[in-house]
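Thanks for coming, everyone. I'll keep this quick. Please have a look at the structure first.

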Amino acid sequence: ADATRYDLLNTILNEASFQEVLEHCHFLLSDAFLRSVDFAQTYVGYTTTFAENQAFLANCSATTFNLTVTTTPPELRALLTRFHDQQTEFSEIPVEVNLGLVRIHAHQLGDRIRHSPTQCLEKLHVILPQAYVQACEGLATDMSGMTHAVGVDTVTVEQHVELLQALDQVDERIDEVNRRFDILSEVYKMMHEYDVAISDEVNDSSGLVRSVHTQLVKTYATARETAALKQDDFVAGLRQVAAALDPRIDSISAAANDGAFMSPSSQVADMLTCIMELKDDLEEIEAVAIPLDASQVAMDVLVFDPERLKETKVTVGAIEDLWVATRDWQACMDAWRERDYRSFEATAPSIQDPLNSFWNTAVKSATELDGNYVAENLQHDVASFREMLPVVIGLQSVVLRERHWDELEAITELDLRCRTRPTLTIDELILANIAQWTD
């Protein structure tokens, strides 16, 4: 329409945007070509792979190829093979499309697609040696630490036990170490196979990890043999230590079963003193028994039975709990007995909490210390005191009338209203066996 109204030549010469319009027309023609069936059959597979390769390049780093955890040699080989195969395929892409200016666009697209696998290979060939060096350094450090741990010369039982423990730890990790070493060996071969640049740093790392691995295997085997040869001598030493402990444990066990600890007539202070002496002996024995037990476990032998010591400790602990409760019960009763029953707060936590604690200890001790009369006596005393409390609570009731008091005093023969005396103590109620009139 403009051409019919104006001179076409002037339009071409004078309109500065005409060249942009022309280029836009070429772009639309090219876009139409790219969407054609022929192009789709030729290029779509390659452009999809091109997008995948671009994503790979964006994310590729040394951490991508963690040669000790995530990446295995078959996966790495498949990746290298894929890029090499792409290079071959992409080199065969036809780009000579005789469609005027559209051919330029096809050339540009073809160059970009062809270069995609080359970029990936170049990036992979740079990153792979870096990942290899890092993996070698990590493995060499781990192996050096293990080599040092199992390469010590044992002189004492403690050193021998530490060596055995170190050997067990290496034993648990040796398969992992060998697997990581095999992976690195395979990767090194692969780098040669796919012409990955082998720098001096890579060669140094390869030599170091191979040397350290060889040293670890040698040191580990030697340490195992040496430990086996020395085992009998160290076990003999453990037997001597155990032989000295067993009679001491027997002596404490016999003392804990002495009749004095079972008699209610024994003096509490004397019993607690004896118990403290037994505990001191047990602490001395335990200071030797704990490392002894750890040593025999590490050497996989049995020269000492730790259960006997545990059982003796439990028995002594139960006796201590019982006699401490007996002491505290007597102290509470000494304080409670002198209280006037009218002001005795039988339901208060200050009364009920200790009572519950004494009762629980008495029941537990009767179970753990079969036939111990002290436990039975404590259980009986606490139960009797508990049975009396409902009577004390009833006598404190405000609903009692004169006739009730007359009846109660006639039955109990006690001056419950304290008309002739200032107080009536809990002790006097106990002596009168007031609990018999609970109903």
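Let's start with a cut-off: a residue is buried under 20% relative accessible area, exposed over 50%, and partly exposed in between. Keep in mind that this is a predicted model.

C274 has a relative accessible area of 31%, so C274 is partly exposed. C418 comes out at 11%, and therefore counts as buried. How many disulfides does the count come to? The count is 0.

Next, helix α9. This helix covers residues 268-299, which is 32 residues. How far apart should its ends be? At 1.5 Å a residue, the helix should span 46 Å. The end C-alpha atoms are 45 Å apart, so the two values agree. Still, α9 has a kink of about 30 degrees. The kink is centred on E286. Just after α9 comes D300, with a positive phi of about 60 degrees.

Rolling a probe the size of a water molecule over the atoms shows where empty space is left. The largest pocket has a volume of about 280 Å³. It is lined by 15 residues. Which of them are closest to the centre? They are M333, D381, S384, F385 and I430.

Conventions. Residues are numbered from 1 along each chain as its sequence is written. This is a predicted model: local features need pLDDT of at least 70, side-chain atom pairs count only at pLDDT 80 or more; totals for chains, interfaces and linings use all residues. Side-chain values use heavy atoms; hydrogens and water are left out. On a 1 Å grid over the protein atoms alone, a cavity is a set of points where a 1.4 Å probe fits but cannot get out, and a pocket is an open set with protein on both sides within 12 Å along at least five of seven lines; lining residues have an atom within 4 Å of a point. Grid points are joined across faces, edges and corners, and a volume is the space filled by probe spheres set on the points. Helices (H or I, at least four residues) and strands (E, at least two) are DSSP runs, numbered from the N terminus. The expected span of a helix is 1.5 Å times one less than its number of residues. The bend at a residue is the angle between axes fitted to the seven residues ending there and the seven starting there. A disulfide is a pair of cysteine sulfur atoms within 2.5 Å. Buried means under 20% relative accessible area, exposed over 50%, partly exposed in between (1.4 Å probe, protein chains only).
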